[in-house]
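Please open the model in your viewer and keep the selection panel at hand. The stops below proceed from one selection to the next.

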There are 4 protein chains.
Amino acid sequence: RVLSAFQDDADRKSVTVHETDRATMEAGDAVAAVGGDGTMLSAAGLARPIQRPLLGINSGKLGFLANIQRQDLSVALHDVASGNYELDTRNFIEAEFSNGEIHYALNEFVFSRHGSVSMITLSAEYDGEFINRYWADGVIVSSPTGSTAYNLSTGGPIVVPQTDVMVLTPISPHTLTTRPLVLPCEKDLTIRVDPADQKVLFSGDGNNHDLPAVSPEVKIRKSASIMQLIKLSGQSYFETLRNKLMWGADMRDER
Amino acid sequence: RVLSAFQDDADRKSVTVHETDRATMEAGDAVAAVGGDGTMLSAAGLARPIQRPLLGINSGKLGFLANIQRQDLSVALHDVASGNYELDTRNFIEAEFSNGEIHYALNEFVFSRHGSVSMITLSAEYDGEFINRYWADGVIVSSPTGSTAYNLSTGGPIVVPQTDVMVLTPISPHTLTTRPLVLPCEKDLTIRVDPADQKVLFSGDGNNHDLPAVSPEVKIRKSASIMQLIKLSGQSYFETLRNKLMWGADMRDER
Amino acid sequence: RVLSAFQDDADRKSVTVHETDRATMEAGDAVAAVGGDGTMLSAAGLARPIQRPLLGINSGKLGFLANIQRQDLSVALHDVASGNYELDTRNFIEAEFSNGEIHYALNEFVFSRHGSVSMITLSAEYDGEFINRYWADGVIVSSPTGSTAYNLSTGGPIVVPQTDVMVLTPISPHTLTTRPLVLPCEKDLTIRVDPADQKVLFSGDGNNHDLPAVSPEVKIRKSASIMQLIKLSGQSYFETLRNKLMWGADMRDER
Amino acid sequence: RVLSAFQDDADRKSVTVHETDRATMEAGDAVAAVGGDGTMLSAAGLARPIQRPLLGINSGKLGFLANIQRQDLSVALHDVASGNYELDTRNFIEAEFSNGEIHYALNEFVFSRHGSVSMITLSAEYDGEFINRYWADGVIVSSPTGSTAYNLSTGGPIVVPQTDVMVLTPISPHTLTTRPLVLPCEKDLTIRVDPADQKVLFSGDGNNHDLPAVSPEVKIRKSASIMQLIKLSGQSYFETLRNKLMWGADMRDER
């Protein structure tokens with residue numbers, strides 16, 4: 001059984017999840033989310049503990065995750081019911097605070113300046129080895145899935161989902177030679193607010209979380225938690241890229 | 001007479017200006033500021049209404065504005081006293097609010113997302129003609145003087161001071177084809193928070209100013225207010241660029 | 001009288017100009033070019049010595065210069081005949097060789113590596129003052145008109161035509177802190193192949209010119225030569241920008 | 001036994017390899033190369049068929065590969081002789097032509113415009129699936145090892161060596177939304193000159209190779225061939241990054 005559990009509201013700015021959704025989701029074999037990629041991120045977060053595959057039905061333009069057009073819905077549901085699909089598995093990344101708190105994100109964690117346009121300084125190390133002290137508006141730690149979101153807007157590369165990496169991308173870095181850094185994702189990438197008394201906004205997939213005041217450092221790694229995206233036959237990551245980034249629609253003239 | 005009026009504090013994070021500074025400054029023929037470029041921005045703001053030329057003495061590394069090394073101070077003061085200098089005139093840019101309030105900046109005005117990592121949307125028009133609706137972390141409106149500051153960190157070009165332009169640079173724009181835009185600076189560049197109810201941080205040279213709630217739009221133009229920087233013989237903008245951006249110190253190997 | 005003198009060939013890769021064109025052009029009051037912006041560049045070069053205004057009729061997608069849609073041609077011709085138009089004046093930039101040879105370009109001059117992927121080194125000075133020694137694939141010197149062409153592809157800013165500047169943009173620079181530089185355009189910007197024995201490709205608006213072997217340096221400045229583009233009422237530079245760069249057509253989802 | 005086999009010439013522009021080097025190299029247990037990273041690339045190419053580990057002794061500034069300072073040479077040789085080192089294994093990438101020819105590179109393969117500044121069009125597919133048709137000055141296919149070389153100059157990310165990826169980076173792309181793409185490296189990334197009659201320069205680690213005229217397409221993948229770099233205790237990739245890219249030496253002032 002496939003139960004539709006989500007729908008973003010009219011202006012697509014927020015997602016309303018009804019009280020009953022969790023129970024509803026557990027009763028089904030899969031979760032269908034109707035909306036855009038923002039809706040999919042919320043749905044993925046809710047579906048994570050119960051481990052149900054997700055079907056992303058786009059209410060507007062085609063999404064990276066919400067990859068089924070509304071008009072194709074009945075065909076898609078039929079395909080799903082008859083087992084005619086693949087599961088595209090994406091790992092969450094997880095952020096562990098110094099107080100033991102753990103947060104999950106499918107796209108990215110962001111450390112950002114807060115309340116002023118002054119830069120912040122953040123230290124990064126991987127598997128205990130010092131990488132750099134960033135002097136910037138902030139940094140993004142993105143999964144391959146999130147590489148086409150905020151990471152892309154700040155100059156980070158596109159990363160194909162089937163790679164075991166994460167990307168550490170500085171936001172408007174003061175040091176002009178710091179660049180996006182592609183790292184393995186098995187060990188801990190630690191981001192430390194240094195000095196600790198800076199005002200820093202921390203978020204995962206767009207949701208703010210308060211950093212621990214005493215020891216504001218975060219260990220980020222690939223999570224064992226997964227999101228299984230239902231992928232119908234004929235769907236292609238590269239085709240979605242070309243469509244979403246309009247690679248074929250160049251309007252400038254040749255030189 | 002040259003009277004030293006400023007000095008930044010030990011960690012160079014903030015500027016302490018004593019109560020007497022304004023009177024002291026008016027009593028002199030020039031204002032000497034000791035610190036970094038941040039100190040110079042504050043000094044320029046204070047010297048603006050009284051129109052005194054500025055002498056920038058760098059307490060640390062060479063600055064774009066604080067361009068006199070501390071060890072050269074006595075020579076510099078002697079040169080100034082004997083009239084052996086040029087005045088490097090820089091125009092402020094000014095921001096006029098819909099309620100008539102006016103703010104000045106030497107470097108840049110910034111409109112930024114506030115309190116979350118969600119993007120904001122800002123409309124821009126020049127001389128009444130619509131440019132674009134930006135979907136980004138924000139935008140920077142930079143003077144040539146400010147082009148080597150925040151603007152540079154976000155991918156904007158370096159602009160030689162003797163040009164009559166300003167730069168409109170989007171910060172981490174969602175639309176990947178929006179790029180820094182160099183405009184004339186005589187007419188009004190209007191930036192509008194659109195829709196008006198978004199949380200937007202507005203600042204000039206790093207100082208926050210509350211936008212009018214009802215009609216959050218700002219008209220930015222080259223100001224008639226000027227800053228006159230005392231420039232000793234032998235000082236060169238391009239040399240400062242090369243030093244500050246370490247153009248000669250490339251450490252990577254040839255290919 | 002308006003005489004159509006140009007038409008690019010079917011695959012829009014090259015422009016065929018008939019023997020009679022020069023005479024034909026001189027007989028008319030204006031020159032109409034049918035094609036894309038590449039055709040317009042050729043037409044502008046041919047029209048330069050005889051100083052006739054240009055009407056750019058686009059045979060395909062809308063151009064920055066070829067700004068009249070084919071279907072609007074008869075209306076446009078009527079408007080031109082009745083004087084219902086403005087002239088949008090653009091200055092050529094000119095390149096003077098050490099041997100006295102002068103070349104003109106509407107968009108840009110390019111110095112590029114030639115025959116290998118090895119970098120070249122080029123020195124730049126403005127008005128006799130040393131700017132930098134670039135270690136790169138090459139440099140572009142672009143007019144405002146050319147800022148949306150090759151310059152944009154290499155990270156240079158968009159420059160509104162009514163500004164008295166040119167842009168010096170390094171191509172894939174080895175030194176990561178060298179950035180596009182916006183300069184005044186009245187004085188000479190000198191680019192020197194240094195050392196002189198490097199293999200360097202030099203071109204203006206896409207046409208190759210052999211640099212003098214003995215003293216391979218080029219002085220570039222705003223030319224007194226102008227191109228007058230016929231601009232019909234209702235045409236807007238910013239609208240063309242939005243259309244050509246598809247600023248309104250963002251396909252990625254909000255964050 | 002460690003035998004020094006290489007030394008770049010005085011101006012570090014080219015490498016002279018003596019006739020006897022191959023035999024000399026086979027007689028030793030390791031190959032020591034004295035020079036910069038360019039020398040190391042040549043040494044790696046020569047050492048590839050005989051599979052000897054490489055010791056990179058830098059004759060000038062510290063290299064990514066030539067990571068032993070000349071003054072530390074005797075200590076380094078002693079450490080090597082006593083087995084006090086690790087082997088840092090890097091895979092070559094290999095390029096297979098349609099005529100069966102195979103070339104190897106440690107850093108990158110480059111497809112570039114040739115003889116003019118006109119763009120070229122290149123198609124890319126991964127594991128038989130179409131990625132995009134690039135309209136650019138060319139594309140770079142870089143290994144993690146090569147990510148800090150040409151790839152970095154064109155806006156590509158830094159990729160830590162212990163990742164199983166390669167990077168496809170467009171050079172000065174006309175389509176502003178095409179970005180560096182991080183791909184797995186096990187399957188074939190095929191780059192096709194399309195249409196086939198374009199003038200394209202193809203090179204591996206800076207050496208030009210003629211593409212087959214009839215079917216100018218190249219399949220690129222991670223090679224089974226490896227380079228084993230001798231890494232002494234205390235050497236760190238991130239430390240080299242910080243030194244080479246001068247991350248700690250920022251000269252601009254805070255904002």
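Which residue with a positive phi follows α3(A)? Select Gly83(A): this residue comes after α3(A), and its phi is positive, near 75°. The model is a predicted one, in which local features need pLDDT of at least 70 and side-chain atom pairs count only at pLDDT 80 or more, while totals for chains, interfaces and linings use all residues. Residues are numbered from 1 along each chain as its sequence is written, chains are lettered from A and ligands numbered from 1 in the order in which they are written, and side-chain values use heavy atoms, with hydrogens and water left out.

**First stop: helix α3 of chain A**

Select residues 73-81 of chain A, which form helix α3. Helices (H or I, at least four residues) and strands (E, at least two) are DSSP runs, numbered from the N terminus. The buried residues of α3(A) are Ala76(A), Asp79(A) and Val80(A); buried means under 20% relative accessible area, exposed over 50%, and partly exposed in between (1.4 Å probe, protein chains only). These three cover an arc of only 100° around the axis, which puts them on the same side of α3(A). The arc is that of the directions from the helix axis to the C-beta atoms. An α-helix has 3.6 residues a turn, so residues three or four places apart point the same way. Turn to the other side of α3(A) to find Ser74(A), Val75(A), His78(A) and Ala81(A), which are exposed.

**Second stop: a sheet with strands from chains A and D**

Next, display the open sheet of seven strands, whose order is β17(A)-β16(A)-β8(A)-β11(A)-β13(A)-β14(A)-β12(D), with mixed pairing. β17 (207-208) of chain A and β12 (158-159) of chain D stand at the edges, each with a single partner strand, so one side of each has no neighbour in the sheet. Two strands pair if DSSP finds at least two bridges between them. Within the sheet, select β13 (residues 165-171) and β14 (residues 181-184) of chain A, which pair in the antiparallel sense over four bridges. Val165(A) has Pro184(A) in β14(A) as its bridge partner.

Select the residues in contact (heavy atoms within 4.5 Å): 45 from chain D and 45 from chain A. The two chains bury about 3,900 Å² between them, 57% of it on carbon and sulfur atoms. Buried area is the accessible area (1.4 Å probe) that two parts lose on being put together, summed over both. There are 17 residue pairs in polar contact between chain D and chain A (both at pLDDT 80 or more). A polar contact is a pair of N or O atoms within 3.5 Å; within protein, one must be able to donate a hydrogen and the other to accept it, and residues adjacent in sequence count only if both atoms are side-chain atoms. On the side of chain D that touches chain A, β10 (129-136), β12, β14 (181-184) and α5 (237-244) of chain D each supply at least two residues. β10(D) gives the most, with five residues.

**Last stop: strand β15 of chain C**

Finally, select β15 (residues 189-193) of chain C, where four of the five residues are buried. Strand β9 (residues 120-126) of chain C pairs with β15(C) in the antiparallel sense over five bridges, and Leu122(C) stands opposite Val193(C). β15(C) is also joined by four bridges to the antiparallel strand β18 (residues 217-232) of chain C; here Leu189(C) stands opposite Ile220(C).
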